[in-house]
Amino acid sequence: MGSKSRMPKLIPSFPSYEGPHQVGTVEVEVPVSVLVDDLREEEGIRVKFEQKERTIHTILFRIYYPATGEHPDNSAEGEYNGKGWGDYLHGLIRGGKGKPVYWVPEPYQEEYVKAYLRFGGLSKEWLVNWIGGRASLLPHFLNNITIPAVANSPLEKLPSTTSCFPTMIFSHGLGGSRLAYSHICSNLASYGVVVFAPEHRDGSGPVSIIRKKKLNGEKEFPTESVPYVNIPHKLTEEMSEGRDFQLSTRFTELSLLYKAVQSLNAGIIPKGTIFGPEGEEVDGDDSQLSMFKDKLDVKAPGRVIWAGHSFGAATMVQFIKSIYYMGSEEWKTQVPLFTLREHEAADLRSQITKKSPLLLLDLWSLSLLGSKRTYWLWKKPLPQVMPLREGEKDGEEACRLLTIMSQQFYVWKENMWAVKWILSRNPGVRDGAVREIFDYDPITGKRIVTPPSSTNTSGSATPASEEEVAGKNNGYRPPKLYYIKQSAHLSQSDFNLLFPIMFRKAVPDPQKVFGLNVRAAVQWLREAGFRRGLAPHEQIGGQNDDGEIFECAEVEEGLEGLSVEEKVEKGEKKQVLEGWVRLGLHEEKIKKKAVKEAVREGMGAGGEADLEAEGDLEEGRERRERRNKI
């Protein structure tokens with residue numbers, strides 16, 4: 001029996017979702033011209049950065065949501081519906097639940113399979129065409145992977161405890177797509193969250209296909225392909241400029257997606273919207289998308305949930321900061337990565353507050369280092385970790401920032417050092433309350449003397465108070481930071497679940513790791529003010545108290561002030577959840593010089609000259625002088 005369970009399946013499959021709701025999913029592509037004023041039909045938005053430029057014509061995203069489980073075009077079990085014999089056979093297996101949702105994006109599966117082969121390092125194009133072509137067996141296995149969600153299923157009825165569903169926007173990492181994180185998005189949907197997962201057209205995915213409006217009676221959509229752009233991971237000026245260009249594209253897409261979400265909630269279906277992989281053009285408000293009208297929790301400030309994995313998490317960090325500090329005096333002196341029109345900026349700025357929920361999965365923080373253009377943001381705290389002022393308190397003061405790291409990224413000390421820097425409410429300032437001992441700036445290498453500025457409710461920059469710097473303000477809300485033992489960087493994506501054999505040494509139990517991520521995210525959302533909109537979860541480690549997963553964590557070795565002993569509350573021993581580890585914000589022991597020198601390389605010769613003038617590179621200069629003598 002045991003040997004059978006270890007045998008790989010010919011067609012990989014997903015486990016069932018953990019929550020009680022069934023999950024529906026729809027795919028949407030919206031022309032940019034209908035979301036932005038003063039744009040002509042079929043005109044796109046130009047994103048410029050330094051000497052680079054790209055045009056965004058559409059935004060593509062998939063929605064995962066709690067559903068009835070029914071299919072609007074459901075045929076009788078086993079009835080051929082004319083959409084293809086593969087779909088018919090899947091319909092038999094799925095009990096007649098309609099057309100399956102394929103994991104490799106339709107209708108351009110061949111392009112995606114070949115793109116993933118290139119992304120994986122296959123450089124010879126003839127080999128890519130052979131392995132990824134129809135004559136090969138590989139595409140037949142990959143193209144038939146399905147996700148357990150029901151395509152186009154009606155939205156579930158709202159619980160009696162709430163008037164709208166919690167709503168999340170999730171940004172994918174490098175090599176990702178609108179379907180690469182289907183399982184984390186769908187699991188959250190199974191608990192009651194509506195998740196919007198965009199596919200970024202910034203060259204970070206293996207490929208993305210843009211469908212444009214049909215002209216002159218064309219049967220097929222005119223398409224444009226956005227290939228993967230290979231940017232070195234090493235901290236150099238080339239890397240910083242490349243990532244900044246991608247971030248500027250992503251920020252524009254996120255702002256457009258936010259506007260599309262607001263439109264759907266208002267019952268307005270943008271004209272020219274393409275619905276589903278089949279490409280049904282929607283021009284009226286009687287579309288199935290109208291089911292989201294007045295059902296999304298996006299109206300009140302601080303209610304949209306922002307989330308991402310890896311570079312997607314870094315995207316959300318920089319996006320939140322860019323919006324929150326927009327309009328401040330310091331912002332006016334910078335060249336921002338993207339700009340918004342006044343009314344659009346006001347809408348987003350009112351939405352992003354100190355209480356905006358932010359979920360960071362395996363944050364790739366080093367992608368934010370070394371940029372001259374965003375250096376000022378590096379020194380700014382995330383609004384979620386800033387103390388609440390008296391007028392901002394409403395009885396729900398818990399920090400709405402959760403970061404979950406994999407073991408693979410946890411042992412990468414340079415990245416963890418930067419993660420903790422980002423999570424600090426006073427980056428670079430000593431704070432005994434949370435054991436922050438950063439006392440130098442990682443980019444300039446200069447010792448920090450004055451605290452960074454914070455932002456008031458109007459968005460203008462003001463100096464942080466002494467109480468805030470010292471940690472004496474009782475409005476301080478420490479962020480939640482955890483890591484999961486025996487997990488890999490891709491454990492939070494679909495890849496580890498579908499292809500466990502590739503990670504078997506590092507991740508012996510991928511489903512357990514994934515379950516910890518989901519349950520922690522759901523519990524965190526309960527504490528962040530969404531309790532009424534979420535379905536109850538199953539017991540965790542034999543316990544079912546609301547805060548159990550956070551209270552039962554192991555504690556990072558050597559963390560002062562915390563104990564690994566079992567706590568006793570209400571006469572019961574709290575179990576320690578094995579493999580789930582709470583981290584502190586104490587500084588990582590790393591080779592600081594190595595990080596500094598790498599970041600200086602990204603700053604260029606001018607930045608290095610400035611540092612040498614300060615005497616901070618004395619040792620490095622002496623080494624160069626000795627080398628020159630030789």
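Student: Where is D294 found in this predicted model?
Tutor: D294 is in the loop between β13 (280-282) and β14 (305-309).

Student: What makes D294 count as buried, exposed or partly exposed?
Tutor: Set its value against the cut-offs. Buried means under 20% relative accessible area, exposed means over 50%, and partly exposed is in between. D294 has 40% relative accessibility, so D294 counts as partly exposed.

Student: What is the phi of D294?
Tutor: Phi of D294 is near 60°. That is a positive value in a residue other than glycine.

Student: Where is Q486, and what does its relative accessibility make it count as?
Tutor: Q486 is placed in the loop between β19 and α15 (495-498). Its relative accessibility is 47%, so Q486 counts as partly exposed. Q486 also has a positive phi of about 55°, although it is not a glycine.

Student: Why is F14 called buried?
Tutor: The cut-off for buried is under 20%. F14 has a relative accessible area of 10%, so F14 is buried. This residue lies in the loop between α1 (2-6) and β1 (22-31).

Student: Which residues is F14 in contact with, leaving aside neighbours within four places in sequence?
Tutor: Among them are W103, I145, P148, H183 and L498. Take I145: it is 131 residues from F14 along the chain, yet their C-alpha atoms are separated by 8.7 Å.

Student: How many aromatic pairs does the count come to?
Tutor: The count comes to 21 aromatic pairs.

Student: Why is the pair of F311 and W364 called edge-to-face?
Tutor: Look at the distance and the angle. Ring centres must lie within 6.5 Å to pair, and planes over 60 degrees apart count as edge-to-face. The centres of F311 and W364 are 5.9 Å apart and the planes are at 65°, so the pair is edge-to-face.

Student: Why does this pair tie together parts that are 53 residues apart in sequence?
Tutor: F311 lies in helix α8 (residues 311-324), while W364 lies in the loop between β15 (358-361) and α11 (375-378), so the pair ties together those parts. F311 is buried, and so is W364.

Student: What makes the pair of Y482 and W580 stacked?
Tutor: Planes under 30 degrees apart count as stacked. For Y482 and W580 the angle between the planes is 5°, and the rings are 4.6 Å centre to centre. The pair is stacked. Y482 is in strand β19 (residues 480-484) and W580 is in strand β23 (residues 577-582), 98 residues apart. Both Y482 and W580 are buried.

Student: Which residues do ring pairs link into a cluster?
Tutor: F251, Y258, W306, F319 and F338 are linked in this way.

Student: How do you know that R303 lies over the face of F530?
Tutor: One part of the test is distance: CZ of Arg must be within 6 Å of the ring centre. R303 is at 4.2 Å from the ring centre of F530. K413 lies over the face of Y410, also at 4.2 Å from the ring centre.

Student: Why are α6 and α16 called oblique to each other?
Tutor: Helix α6 (residues 182-190) and helix α16 (residues 510-530) pack at about 45°, with axes 10 Å apart. Roughly parallel needs under 35 degrees, and roughly perpendicular starts at 65. α6 and α16 are therefore oblique. Their crossing is right-handed. H183, I184, N187 and L188 in α6 meet F514, V518, A521 and V522 in α16.

Student: What makes α13 mostly covered?
Tutor: Count its buried residues. Nine of the 11 residues in helix α13 (residues 413-423) are buried. Among them are M416, W417 and W421.

Student: How much of the chain is buried?
Tutor: Buried residues make up 58% of the 630 residues. The chain has 20 helices and 23 strands.

Technical notes. Residues are numbered from 1 along each chain as its sequence is written. This is a predicted model: local features need pLDDT of at least 70, side-chain atom pairs count only at pLDDT 80 or more; totals for chains, interfaces and linings use all residues. Side-chain values use heavy atoms; hydrogens and water are left out. Rings of Phe, Tyr and Trp (its six-membered ring) pair if their centres lie within 6.5 Å; planes under 30 degrees apart count as stacked, over 60 as edge-to-face and the rest as tilted. Helices (H or I, at least four residues) and strands (E, at least two) are DSSP runs, numbered from the N terminus. Buried means under 20% relative accessible area, exposed over 50%, partly exposed in between (1.4 Å probe, protein chains only). A charge sits over a ring if NZ of Lys or CZ of Arg is within 6 Å of the ring centre and within 35 degrees of the ring normal. Axes are lines fitted to C-alpha atoms, for helices over the stretch in contact, and angles run from 0 to 180 degrees between N-to-C directions. Angles under 35 degrees count as roughly parallel, over 145 as roughly antiparallel, 65 to 115 as roughly perpendicular and the rest as oblique. A crossing is left-handed if the near helix is turned anticlockwise from the far one by less than a right angle, and right-handed if clockwise. Contact means heavy atoms within 4.5 Å.
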